[in-house]
Amino acid sequence: MDIAIIVGLDVVSGIASLVLISAGLAVIFGMMKIINLAHGEFLMLGAYATVLSVSAGVNIWIAMLVIAPVFVGLVGVIVERCLIRFLYGRLVDSMLATWGLSLVIVGGTTMIFGNTIVGVSSPLGGFQVGAYQSSLYTPFLALMALLLMTAVFVVMRYTRAGLIARAVMQNPDMAATLGVNPARVYMATFGIGAAMSGLAGGLLAPIAGVVPTMGAAFIAKAFITVVGGGTSILWGLISASGLFGFINQIAAFLTTPVFGEVILFIAAVILIRMLPTGISGRFFKGRL
Amino acid sequence: MILEVDALRSGYGRIPILAGVTLSVAEGEFLGVLGHNGMGKTTLMNTLMGHLPATGGTVRFKGQDVTQQPAHTRALAGLGLVPQGRQIFPDLTVQENLRMGMAGSKTEDLELLDDILGLFPRLQRLLDRRGGALSGGEQQLLALARCLCAQPKLMLLDEPTEGIQPSILEEIVDTLKALRERGLSLVLVEQNLEFIAALSGRVLIIQKGMITGELSPQELKNPETVAEFVGMTTA
């Protein structure tokens, strides 16, 4: 029984981390068909913003939940204005440019902070499940993932800004005909996607080794989650994170964590082979 | 003059389509532009709206030179386009499509929405339906209503009769006539003679990207005159 609860918690944690690390990428891909290969570096910048703020004496919650997303959101807006806005509709060019950007960010961060692991300690304690010990941070991450998805849903479904964003996503020229400046919507969306990545980076800072190259560990997983989910931001992300998170954790439990990752990637390859437009391209067509 | 177009040139890439269009629309006027497929009707509309860059000439709207302005700026100035193919947002509901008509204004005016729905009673019971699930005629009504939600001074209407049942066409004619009373100006491009004659005060002929003649709606009823000008028959 205890072991079932622990494995269950692992699955929840695996799904929650996939949701968090993929959300920013999903928003940017779903809305603008830009694949941001600097996404991992946005996570890394969020983690660094958190670690540096905490060591400067800022409360860790404020550092994770406010400073990290705001800082990376601003970085996102600058990147969009200086680079991305010239590349809409040019998928391959945008991948190349954002990959280059990721190298620049990794190089710059290494130059300034050195190639060493920094970190913050987890702000929440642990709890006991029978003979096993688990961290309270796991349910907290799940809660944050849930809140983030709820926020995306409410904003997209019930606000005017969300309506305009959905309309621009479906037909930017028609939205412009109705007086909406698509360029501004794209800029805001990219900023929000980046802020979501920053938030994820901040939340990961206490449980991941914070190094300039840490983004590489996340980009592949975020990438397969988004491609596996398809262009529907919310349902694609939730379904793909649920499926891949479950497979990853169960496989890791039955074999080893390393094999768990291998099985995850094999599952992703099979899924994308069967559903080339992702889960949402098949089952949630036209949904958020 | 609400719209003055002078020697307007435009095209796709290096292929010229408009070879110098000159026309003007008075305030409250309904102007028809008649032409075959491929004569540049839709290109004219898209260039007037700002979706295609002008390669020469000028467009003045309400006295302002808007030739270099992007589409959304022209929309905010009071230019509306009901595009060919209607361009309904397929995954938004009818109501959301209408709310998008007000996306350019600071706040959403729900009274205006009710007012416009009064003009299109057929849309009332479809408000929660997905835009993409509507019939062609219903989509055309929705496209018109959505455009009106932006309260345009001048509406550009691109081939509204394409693929639409006759009963809805009559409804559209009646609604647009009612809007003329309220001071709306209209540029209508069409190849349906009956429809264009029912609405337009005067009709220009477009051929190979140039305005080649002008007819009165009465002259449109004479097949020989039309054939002479456009090579079209009323049949």
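In the predicted model described here, Leu81(B) stands opposite Leu156(B) in strand E7 of chain B. Residues are numbered from 1 along each chain as its sequence is written, and chains are lettered from A and ligands numbered from 1 in the order in which they are written. As this is a predicted model, local features need pLDDT of at least 70 and side-chain atom pairs count only at pLDDT 80 or more, whereas totals for chains, interfaces and linings use all residues. Helices (H or I, at least four residues) and strands (E, at least two) are DSSP runs numbered from the N terminus.

Strand E6 and strand E7 (residues 154-158) of chain B pair in the parallel sense over four bridges; two strands are taken to pair if DSSP finds at least two bridges between them. E7(B) also pairs with E8(B), again in the parallel sense, over five bridges, and Asp158(B) stands opposite Val189(B) in E8(B). Five of the five residues of E7(B) are buried, a residue being buried if 20 or more other C-beta atoms lie within 10 Å of its own, exposed if 12 or fewer, and partly exposed in between, with C-beta atoms placed from the backbone. Leu154(B), Leu156(B) and Asp158(B) point one way from the strand, while Met155(B) and Leu157(B) point the other way.

These strands belong to an open sheet of six strands in chain B, ordered E6-E7-E8-E3-E9-E10, in which the pairing is mixed. Strand E6 (79-82) and strand E10 (210-215) of chain B stand at the edges with a single partner strand each, so one side of each is left without a neighbour in the sheet. Neighbouring strands of this sheet are turned by 20 degrees against each other on average, direction ignored. For such angles, axes are lines fitted to C-alpha atoms, for helices over the stretch in contact, and angles run from 0 to 180 degrees between N-to-C directions.

A second open sheet in chain B consists of four strands in the order E2-E1-E4-E5, with antiparallel pairing. Its edge strands are E2 (15-25) and E5 (64-65) of chain B, each of which pairs on one side only. Strand E1 (residues 3-12) of chain B runs antiparallel to E2(B) and is joined to E2(B) by eight bridges; Gly11(B) has Pro16(B) as its bridge partner in E2(B).

Helix H1 (residues 41-49) of chain B lies across strands of both groups. On the one hand, H1(B) lies across E3 (30-34), E6, E7, E8 (185-190) and E9 (202-207) of chain B, running at about 150 degrees to E7(B). On the other, H1(B) lies across E1, E2 and E4 (54-61) of chain B, at about 70 degrees to E2(B). Contact here requires the C-beta atoms of two residues, placed from the backbone, to lie within 7 Å.

Helix H7 of chain B comprises 16 residues (166-181), which at 1.5 Å a residue should span 22 Å; its end C-alpha atoms are 23 Å apart, which agrees. The expected span is 1.5 Å times one less than the number of residues. Glu171(B), Ile172(B) and Leu176(B) are buried in H7(B). They cover an arc of only 130 degrees around the axis, which puts them on the same side of H7(B); the arc is that of the directions from the helix axis to the C-beta atoms. Exposed residues on the other side of H7(B) include Glu170(B), Asp174(B) and Lys177(B). The cover over the buried residues of H7(B) includes H6, E8 and helix H8 (193-199) of chain B. Gly183(B), which follows H7(B), has a positive phi near 100 degrees.

Helix H3 (residues 94-101) of chain B has six of its eight residues buried, so it is largely enclosed by the rest of the structure. The buried residues are Val94(B), Asn97(B), Leu98(B), Arg99(B), Met100(B) and Gly101(B). Their cover includes elements of both chains, among them H6 (160-170) and H7 (172-177) of chain A and H4 (110-119) of chain B.

The contact between the chains takes 17 residues from chain A and 21 residues from chain B. On the side of chain A that touches chain B, H6 and H7 of chain A are the elements that give two or more residues, and H6(A) provides the largest share, six residues. The residues of this side divide into eight nonpolar, six polar and three charged, where Ala, Val, Leu, Ile, Met, Phe, Trp, Tyr, Cys and Pro count as nonpolar, Asp, Glu, Lys and Arg as charged, and the others, Gly among them, as polar.
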